Amino acid sequence: MKGQFSIPFLFACVMLLFSQKSRAQQEKDSVIVEENWKIDYGSKGFELRAPDNKYLLQIQSRLQFRFATPSDNDPVTFNDFNDQQNSVFKINRSRLKVGGHAYQPWLKYYWEYDLGRSNLLDFRVMIEKWEWLNLKLGQWKVEFSRERRISSGGQQLVDRSILNRNFTVDRQQGVELYGRLRDKGALDFSYWAGVFTGTGRGARDNDDKNLMYFGRLQWNFLGEALGFKSVDFEIHQKPAAIIAVAGVTNRSSFTRFSSAGGGVLAGFEEQNPGQYRMNQVNLETALMYKGLSWQSEFHTKEIVDHFNNKQTSTLTGYYLQAGYLAHQSINWWPEPLEIAARYAHYDPSEVSDYNLDEVSLAFNWFFKQHKNKLSMEVSNFDYETPQTNVENEWRFRVQWDISF
C-alpha cells in the first residue's frame, strides 16, 4: 500500500515542480520583454518599440466635438442662404490612426480609419532611407495644397476655407517620389512628383485610360522646410518661410474631390467616363516667426468638357490666413491662447455668375498643442451676383479636438 501510494504522490510532486518552473520561466520571459521592448506614449499616441528599433507600432485615436449655429455647412449656392437651417451639435470626426516602421526604421507605414463613417481614409507605405529621394505607395492626401494637407486636427480655424471644396485634390491612390535637395544658403528645395488613378478615395478602378499627374516644387529659401503645420509652437527666433508652386492634371468623370471620393461641382452635373479634363495650379506661401504664422494659396482651375465641344471653364480663388501666439508681445496674454484670422475669395464666374467671400476670426486654447485644444470661431459669408442680389450670413462654431 505504501509503495502504491508513493508513486502517484511522487508523480504529483514532479508535475508541481515543473509547473512552478514553467510559471517562473514565463514570468522571467515577461520581464525580459518588458525590459527590452519599450512601451511609451509620444506625439503619435501609444508606442511599442523593439529593442533594436527595427519595429515600431504607434496607435492613436482622435475625437472632434462641434457645435455650430445657425448651421455647420459653408454656403455653396444662393439658395443655401434661404434654406431652413438648424443648429447642430455632433461628433464631427472620430479617427483611429496606426503607424510606425517595420524591418528597418526607414520602411514606414501608416493607415487611418474614419470610425464614424466606416471609411478607410489613408493606407500607405513609405521608403524614406535618403533625404533626397523617398518613395510612397498607397492612398493619402496629395500634397497639392497646404490647407488640405494639414490635418483637420491641426487647423488654426475650426475647419478649412470655402476654397477647399472647389480646389482640393484630396485623397488619391498611386505612387509618389519626394525629397529635399539642399546646399548652403538659399539653394534648398523640396519636391513631390506623383502618378495617381485620379478617381478619388476608395476608388479601386479608373473610369478611363487616363491617369492623374501631380508635381510640387517648394523653395525653402530661409533654410527650413517648415512642414505642413499651421502654428508656430516652436517660437522661431529666426524667420522660416517657403514659396511653393503645385500643379495637377487629370481626366475623369469628376470635377471635385473630397474625403467621400469623387464628386461634381455645380454646373457639371453630367458625368461620363473621361468627360472632364482638369488642369489646376496653386501658388502657396508660408511663414513662421516668433509666434506669428502665415499661409496663403492662390488657385486657378481649368475644366475642359470633352463631351460638349471641349467647352472650357475657369475657376479662381485665394485665401490669406494668419495666427499669433500673442503672449510673445503682450505680457497679460495667456500663453496657451492663439488668435487667428482668414479671408477667402472664390470666383466661379465662368460657370456661375456669383462671387463668394469668407471672413473668419478664431481663438484657440491649447491644453496640449493640437492634441487637446478648444476652438471658437465667428465667420461671415458674403454672396453677390451681377444682378446685385446680395446675401449675408454669420456663423458661430465651438469645437473641442482631443487625441489619445
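Start by selecting Ser145, Glu147, Arg148, Leu163, Asn164, Phe167, Thr168, Glu297 and His299: these residues line the second largest cavity. Helix H2 (146-149), helix H3 (164-167) and strand E15 (292-305) are the elements giving two or more residues to this lining. Helices (H or I, at least four residues) and strands (E, at least two) are DSSP runs, numbered from the N terminus. By class, the lining has two nonpolar, four polar and three charged residues; here Ala, Val, Leu, Ile, Met, Phe, Trp, Tyr, Cys and Pro count as nonpolar, Asp, Glu, Lys and Arg as charged, and the others, Gly among them, as polar. The space inside is about 40 Å³.

A word on what you're looking at: this is a predicted model, in which local features need pLDDT of at least 70 and side-chain atom pairs count only at pLDDT 80 or more, while totals for chains, interfaces and linings use all residues. Residues are numbered from 1 along each chain as its sequence is written, and side-chain values use heavy atoms, with hydrogens and water left out.

Next, the largest cavity. Pick Val76, Arg165, Asn166, Leu265, Ala266, Phe268, Leu315, Tyr346, Pro348, Val351, Ser352 and Tyr354, which line it. Its volume is about 100 Å³, and its lining divides into nine nonpolar, two polar and one charged. The whole structure has three cavities of 30 Å³ or more. On a 1 Å grid over the protein atoms alone, a cavity is a set of points where a 1.4 Å probe fits but cannot get out, while a pocket is an open set with protein on both sides within 12 Å along at least five of seven lines; lining residues have an atom within 4 Å of a point. Points are joined across faces, edges and corners, and a volume is the space filled by probe spheres set on them.

Strand E8 (171-182) gives the largest share of the lining, three residues.

Now for the core: which residues touch the most other members of the largest nonpolar core? Select Phe144, Phe214, Ile303 and Tyr346, out of 31 residues in that core. A nonpolar core is a set of buried Ala, Val, Leu, Ile, Met, Phe, Trp, Tyr and Cys residues joined through side-chain atoms within 4.5 Å. Buried means under 20% relative accessible area, exposed over 50%, partly exposed in between (1.4 Å probe, protein chains only). Zoom in on Phe144: beyond its neighbours within four places in sequence, its contacts (heavy atoms within 4.5 Å) include Phe167, Val169, Phe214 and His299.

Last stop, the hairpins. Strand E4 (residues 88-101) runs antiparallel to strand E5 (residues 107-114), joined by seven bridges; strands pair if DSSP finds at least two bridges between them. Look for Val98 opposite Trp111 in E5, then for Tyr103, which takes a positive phi near 70° in this hairpin, with its five residues between the strands. E5 also pairs with strand E6 (residues 119-127), antiparallel over eight bridges. Asp114 has Asn119 in E6 as its bridge partner, and Ser118 takes a positive phi near 55° in this hairpin, which has four residues between the strands.
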